[in-house]
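I set out to record what I looked up in this structure, entry by entry.

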Amino acid sequence: MKQYTHAWLALMAIKRLNQEIIPDNLKESCNSLVSWFKSYRDDVVKGAWYPDAVIKDMATSHVLKFSPKPNGDKRFKKLPGNYYFSKRWNNFSVDANAYEIESGNLPDRCEALAHSLIDNLKMQYKEHKGSPIAPTSNHVANLFFMLSHYVADAHVPLHCDVRPFSDGKHLHADIEKYWDDKVRKCYEIDFKNKRFYYDKNGFPLQKANANDLVMSFIENKIESRKFIFGWGADNNNTWDFMSAICQHSYLTAYKIIPADKDNSLDWDEFLTLNVNPDFDVYSKELLVDAIESIAKVWIHVWRRYLDWRN
Ligand SMILES: [Zn+2]
């Protein structure tokens with residue numbers, strides 16, 4: 001995904017954790033995370049882009065690439081029941097249903113960052129102000145934003161599909177541009193200072209006349225969708241959960257781009273493929289799932305830190 005999409009997804013995850021629909025037993029920890037975050041939100045455009053701009057581990061940690069393989073692995077981890085990725089479970093093309101993993105380590109990266117975040121929060125709490133080994137809050141916030149980047153990338157179907165759609169007609173880039181254009185079209189952004197403008201509640205300010213069906217669906221679901229704290233089925237941690245996301249993302253790639261297509265497929269032809277439902281439906285579902293996943297991974301980190309403190 002592109003820079004402003006990443007920042008927007010992270011800000012929307014903060015917004016998600018601030019909703020009435022959050023279960024009562026999570027409200028206190030969600031509120032404390034949201035108010036902590038608000039001090040650092042102006043750094044999200046830079047921080048959530050750090051993995052692409054500076055770390056540059058695109059070929060390894062931003063992806064988990066699958067390919068269909070006859071007699072390959074048929075095990076798919078389940079996602080929490082509120083996931084759109086999961087809702088389409090039974091609708092996937094059969095030829096993608098057995099797979100092997102070709103490259104990438106995205107779930108490991110997310111697990112490692114989540115652990116590192118908890119360690120940093122503990123160190124910060126334990127050490128006195130000015131201690132040479134205490135991380136700053138800005139540093140901790142940046143780790144949260146970086147984590148959101150890897151979590152978000154997992155929801156991009158072409159980050160989980162080994163077919164080379166980043167070459168040839170660059171369909172991968174065009175899909176990500178399509179989403180980024182929507183963010184730019186629908187929200188007030190201060191490009192000069194690389195920050196979003198905020199509404200009266202402190203979340204990304206929507207343009208009054210934007211009128212985009214994908215984005216208004218997402219804004220609506222942020223408020224109304226049921227929040228499930230758990231990782232889904234027998235998933236136990238960030239790694240299990242992100243592995244499940246990557247598997248569903250891979251299946252989605254075969255749903256939106258049939259197996260007989262190669263990288264001569266361009267954006268215009270992609271739009272004529274007549275997938276059912278159409279690409280806008282997939283866009284709104286996978287973007288709202290990405291926001292849910294960032295919120296979920298973050299609140300798990302935060303709660304583990306709070307549990308340790310108490
Ligand atoms: Zn990336």
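Before placing any residue, I note that helices are DSSP runs of H or I with at least four residues, numbered from the N terminus. The model I examined is predicted.

**Entry 1. Asparagine 220.**
I looked up asparagine 220 and found it in helix 9, which covers residues 213-224. I counted 12 other C-beta atoms within 10 Å of asparagine 220, so this residue is exposed, the cut-off for that class being 12 or fewer. I then took the separation of the C-alpha atoms of asparagine 220 and valine 288, which is 9.9 Å. Along the chain these two residues are 68 residues apart.

**Entry 2. Helix 1.**
I asked whether helix 1 is enclosed or open, and found 13 of its 14 residues buried, so it is largely enclosed by the rest of the structure. I also checked the length of helix 1: its end C-alpha atoms are 20 Å apart, in agreement with the 20 Å that 14 residues should span at 1.5 Å a residue.

**Entry 3. Helix 1 against helix 7.**
I examined the packing of helix 1 (residues 3-16) with helix 7 (residues 137-154), where the angle is about 105 degrees and the axes are 10 Å apart. Helix 1 is therefore roughly perpendicular to helix 7, since angles of 65 to 115 degrees fall in that class. On the side of helix 1, I listed His6, Leu9, Ala10 and Ala13 as making the contact. Helix 7 contributes Phe145, Ser148, His149 and Ala152. Sorted by class, this contact comprises 5 nonpolar and 3 polar residues, with no charged ones.

**Entry 4. The nonpolar core.**
I found that the largest nonpolar core holds 87 residues. Ala10, Ala13, Leu147, Ile291, Ile294 and Trp298 have the most contacts inside it. Which helix gives the most to this core? I found that helix 12 (residues 279-309) does, with 14 residues.

**Entry 5. Helix 10.**
I looked up helix 10, residues 238-256, and counted 16 of its 19 residues as buried, so that it is mostly covered. From its first C-alpha to its last, helix 10 reaches 27 Å, close to the 27 Å expected at 1.5 Å a residue.

I placed asparagine 71 in strand 1, residues 64-73. With 7 other C-beta atoms within 10 Å, asparagine 71 is exposed. The C-alpha atoms of asparagine 71 and asparagine 97 are separated by 9.6 Å, although the two are 26 residues apart along the chain.
Histidine 170 also has a positive phi, of about 55 degrees, and is not a glycine. I found histidine 170 in the loop between helix 7 and helix 8 (171-186). I counted 15 other C-beta atoms within 10 Å of histidine 170, which is partly exposed.

**Entry 6. Two further loop residues.**
I located methionine 58 in the loop between helix 4 (50-55) and strand 1. Methionine 58 is partly exposed, with 14 other C-beta atoms within 10 Å.
I located aspartate 42 in the loop between helix 2 (24-38) and helix 3 (44-47). Aspartate 42 has 15 C-beta neighbours inside 10 Å and counts as partly exposed. I noted 23 Å between the C-alpha atoms of aspartate 42 and alanine 210, which are 168 residues apart along the chain.

Methods:
Residues numbered from 1 in each chain as written. Predicted model: local features only at pLDDT ≥ 70, side-chain atom pairs only at ≥ 80, totals over all residues. Axes fitted to C-alpha atoms, helices over the stretch in contact; angles between N-to-C directions. Helix = DSSP H or I, 4+ residues; strand = E, 2+ residues; numbered from the N terminus. Parallel < 35°, antiparallel > 145°, perpendicular 65-115°, else oblique. Contact = placed C-beta atoms within 7 Å. Nonpolar A, V, L, I, M, F, W, Y, C, P; charged D, E, K, R; others polar. Expected span 1.5 Å × (residues − 1). Buried ≥ 20, exposed ≤ 12 C-beta atoms within 10 Å, placed from the backbone. Core = buried A, V, L, I, M, F, W, Y, C linked by C-beta atoms within 7 Å.
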